Amino acid sequence: MRKTRVVAAAVLSVVLIGLIGARPASADADKEHKLIMAEIRMMQEEQQQLRAVLLGLGDTLKALNVRLDADAGRLQKSLADQKLIVEGVAETTRILREKADETNVRLSSMTQELQSLRQTVASMPAPVPSVGPVPIGEPPAGDPAAAAPGAAAPPTTTPPPNVSPTQMWDRVYAVYTAGQFDLAVEGFQSFIRTFPTSPQADDAQLYIGHSLFSAGKYPEAVTALQKVISNYPQSDSVPTAYYKLGSAYEAMKQFDAARKAYETVIKNYNKAFEATLAQQALVRVQDKK
């Protein structure tokens with residue numbers, strides 16, 4: 001009986017010792033479990049954050065792709081437009097080159113024709129010089145003989161075969177518009193000698209003045225323009241001749257003479273377009289000496 005009690009006490013002691021030893025081990029396991037769970041939760045949160053970042057990057061990439069597509073479209077359109085512009089410029093350049101070649105051919109032909117006119121002019125007798133300059137301030141009246149008493153009629157030339165006044169005028173005027181003013185002067189002089197009774201004879205004399213003025217030969221231009229006034233007093237070229245005469249005097253700084261010429265246009269040809277130009281020019285030279 002006593003032995004049984006001793007055994008039972010021993011067993012109880014063993015159980016108590018086991019329980020006492022097992023309690024710290026169970027606490028350590030529980031702590032470790034909590035740490036693992038905490039790490040799992042952190043990883044889950046990080047995973048969610050990463051998922052959100054990836055979704056944001058996906059949206060950004062979509063927007064970037066859309067923008068790149070739009071930029072590519074605009075770039076393609078711009079390149080296409082530039083290509084059209086370049087092609088247009090190339091075509092325009094080609095056309096201009098062809099026109100320039102045609103113009104050069106025409107000028108060469110006109111130069112040859114004027115050379116033949118020069119030879120014709122060289123064989124003519126020298127023209128009789130005019131009696132003197134036309135006074136400025138009064139409009140011319142009467143015929144050329146009355147304007148220059150005693151002046152001989154200008155020499156005439158037999159017209160070249162198969163050349164009409166219109167054809168000759170067109171050729172000489174083309175030389176004038178091309179800026180070859182010396183040749184133009186010779187051509188218009190030859191026109192007057194060849195077709196002295198042509199309705200364009202006064203225009204030819206006027207364009208002699210224009211050509212000399214454009215070439216900077218102002219004294220010669222004055223003489224030529226005075227011939228328009230004296231030789232063709234009833235011509236509609238007279239207002240223009242007076243205005244251009246004033247311009248030539250102004251270029252030579254002879255402002256008194258320039259003012260008189262402008263005033264003549266305003267006074268005697270007030271309905272002509274040149275009267276408006278003369279009023280503007282008169283303001284410009286009014287106080288110059």
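How are helix 7 and helix 9 oriented to each other, roughly parallel or roughly antiparallel? In this predicted model, helix 7 (residues 238-251) and helix 9 (residues 273-285) pack at an angle of about 20°, and their axes lie 10 Å apart. Since angles under 35 degrees count as roughly parallel, helix 7 and helix 9 are therefore roughly parallel to each other. The crossing in which helix 7 passes helix 9 is left-handed. On the side of helix 7, the contact is made by Pro239, Thr240, Tyr243 and Glu250, while helix 9 contributes Glu274, Leu277, Ala278, Ala281, Arg284 and Val285. By class, the residues of this contact of helix 7 with helix 9 comprise six that are nonpolar, one that is polar and three that are charged.

Helix 9 also packs against helix 8 (residues 255-268), at an angle of about 150° and with the two axes 8 Å apart. Because angles over 145 degrees count as roughly antiparallel, helix 8 and helix 9 are assigned as roughly antiparallel to each other. The crossing of helix 8 and helix 9 is left-handed. In this contact, Phe255, Arg259, Tyr262, Glu263, Val265 and Ile266 of helix 8 meet Glu274, Ala275, Ala278, Gln279, Ala281, Leu282, Arg284 and Val285 of helix 9. The contact of helix 8 with helix 9 divides into nine nonpolar residues, one polar residue and four charged residues. Glu274, Ala278, Ala281, Arg284 and Val285 of helix 9 take part in the contact with helix 7 and also in the contact with helix 8.

As for the protein as a whole, its secondary structure consists of nine helices and zero strands, which, read along the sequence, gives the pattern α-α-α-α-α-α-α-α-α. Of its 289 residues, 28% count as buried, and the protein exposes about 19,400 Å², of which carbon and sulfur atoms supply 59%. Among contacts between residues at least 6 apart in sequence, 60% join residues that are at least 24 apart.

A further local feature concerns Ser198, which is found in the loop between helix 4 (181-194) and helix 5 (201-214). The relative accessibility of Ser198 is 13%, and because buried means under 20% relative accessible area, Ser198 counts as buried. When its neighbours within four places in sequence are left aside, Ser198 is in contact with Pro165 and Phe191.

Note on methods:
Residues are numbered from 1 along each chain as its sequence is written. This is a predicted model: local features need pLDDT of at least 70, side-chain atom pairs count only at pLDDT 80 or more; totals for chains, interfaces and linings use all residues. Side-chain values use heavy atoms; hydrogens and water are left out. Axes are lines fitted to C-alpha atoms, for helices over the stretch in contact, and angles run from 0 to 180 degrees between N-to-C directions. Helices (H or I, at least four residues) and strands (E, at least two) are DSSP runs, numbered from the N terminus. Angles under 35 degrees count as roughly parallel, over 145 as roughly antiparallel, 65 to 115 as roughly perpendicular and the rest as oblique. A crossing is left-handed if the near helix is turned anticlockwise from the far one by less than a right angle, and right-handed if clockwise. Contact means heavy atoms within 4.5 Å. Ala, Val, Leu, Ile, Met, Phe, Trp, Tyr, Cys and Pro count as nonpolar, Asp, Glu, Lys and Arg as charged, and the others, Gly among them, as polar. Buried means under 20% relative accessible area, exposed over 50%, partly exposed in between (1.4 Å probe, protein chains only). Accessible areas come from the Shrake-Rupley method with a 1.4 Å probe; for residues, only the protein chains shown count as cover.
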